[in-house]
Amino acid sequence: MVKLLKDKNYVPIVIDDLSSGYEDSLFGAELIRGNFGNSDLLNSIFSTKKIDAVMHFASFIQVGESVIYPAKYYENNLSNTITLLNSMANHGVEKFIFSSSAAIFGNPISEMIDESHPQIPVNPYGRSKWMVEQVLMDYELAYGIQHVCLRYFNAAGAHPDGSLGERHQPETHLIPLAIAAGSGRGPELKVFGSDFHTLDGTCVRDYVHICDLVDAHLLGLQHLDSGKGSLKINLGNGSGYSVMEVIDTVGEVLKRQVPYSIVNRRQGDPSKLVSNSAFAKSSLGWAPCYPKLRDIIEHAVNWHRGT
């Protein structure tokens, strides 16, 4: 996001405690090191900087961990976000782009999930995102903070030029874990469950390229800048791929088999999550540039080979 904003002549200022991020990913943008739940720090920033809008990416995202440590997720994802919104309200900053999640929907009741799908999250991570969306509606009514909530399905891939890719410690996302296993740089891949209600028994997910997600954030900012009002939007490719299909595609790109073993399901994992993103296209003019799973995986493999 920082790279795109700088390329488009915006001036991004980043607040990050670097607990899971890297300063060398900022391409020279200003970094204020700290936690976004620190109200004194936030008030200092809003008092001394001219902030036009806030983009919020600073959530914990591991579904399984959220079940074991719900307090961690509600404190960071919900409480800290409320602190951030309070500071925005106090300083008259009224544009907010929120990285939400398809996890707010829980177990799907239809083949494709659109914005009208019931929101019944099945884990603390999903509930923390859902709760923020509810808070945002109240804060818009009371304080005039307009928002665009972007409900990611499965963020994946890497920048096509190889400059940026996934560097989670520990890594929990399927594609980089499969690449590491297949290239011999990591342990055997664990597949969490093979008895889901899908064709091959493994979870089906909608993988959306990180650059396409970033484009949607910029379009969301431009939407708010034009005064068109708040939106809640699903972001995915509209195609679902099972864990086994991802493993097979990684193997094809690497030209090596990916070693894996089947282990027990994780708590809170729905069988299938696939987006209907028609509203994103009609409201923002958004369409994925990289909808093919193979392209997403090839970009990720190129990034990992260069690290």
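**Exercise 1. Determine where Thr 198 lies and which residues Thr 198 is in contact with, leaving aside its neighbours within four places in sequence.**

*Solution.* Leaving aside neighbours within four places in sequence, Thr 198 is in contact with Val 204 and Ser 271, where contact means heavy atoms within 4.5 Å. The model is predicted: local features need pLDDT of at least 70, side-chain atom pairs count only at pLDDT 80 or more, and totals for chains, interfaces and linings use all residues. Residues are numbered from 1 along each chain as its sequence is written, and side-chain values use heavy atoms, with hydrogens and water left out.

Thr 198 is in the loop between strand E7 (189-192) and E8; helices (H or I, at least four residues) and strands (E, at least two) are DSSP runs, numbered from the N terminus. With a relative accessible area of 17%, Thr 198 is buried. Buried means under 20% relative accessible area, exposed over 50%, and partly exposed in between (1.4 Å probe, protein chains only).

**Exercise 2. State the order and pairing of the open sheet of 3 strands, and identify its edges.**

*Solution.* The strand order is E11-E8-E13, and the pairing is mixed. Strands E11 (241-242) and E13 (272-273) each have a single partner strand, so one side of each is left without a neighbour in the sheet. Two strands pair if DSSP finds at least two bridges between them. Strand E8 (residues 204-205) runs antiparallel to E11, and 2 bridges join them. Within this pairing, Val 204 stands opposite Ser 242 in E11.

**Exercise 3. Describe the open sheet of 4 strands and the helices that lie across its strands.**

*Solution.* Begin with the order, which is E3-E4-E5-E10 with parallel pairing. Strand E3 (54-56) and strand E10 (231-235) are the edge strands, each pairing on one side only. From one strand to the next, the twist averages 15°.

Then take the pairs in turn. E3 pairs with strand E4 (residues 95-101) in the parallel sense over 3 bridges, and His 56 has Phe 98 of E4 as its bridge partner. E4 and E5 are also paired in the parallel sense, over 7 bridges, with Ser 99 opposite Leu 150 in E5. Of the 7 residues of E5, 6 are buried, so this strand is largely enclosed by the rest of the structure.

Helix H4 (residues 70-90) lies across E3 and E4 and runs at about 165° to E4. Helix H7 (residues 210-225) lies across E3, E4, strand E5 (146-152) and E10, at about 160° to E5. Axes are lines fitted to C-alpha atoms, for helices over the stretch in contact, and angles run from 0 to 180 degrees between N-to-C directions.

**Exercise 4. Characterise the crossing of H6 and H10 and the residues that form the contact.**

*Solution.* The axes of helix H6 (residues 174-183) and helix H10 (residues 293-306) come within 10 Å and cross at roughly 55°. H6 and H10 are therefore oblique to each other. Angles under 35 degrees count as roughly parallel, over 145 as roughly antiparallel, 65 to 115 as roughly perpendicular and the rest as oblique.

The contact is made by Ile 175, Pro 176 and Ile 179 of H6, together with Ile 296, Ile 297, Ala 300, Val 301 and His 304 of H10. These residues divide into 7 nonpolar, 1 polar and no charged. Ala, Val, Leu, Ile, Met, Phe, Trp, Tyr, Cys and Pro count as nonpolar, Asp, Glu, Lys and Arg as charged, and the others, Gly among them, as polar.
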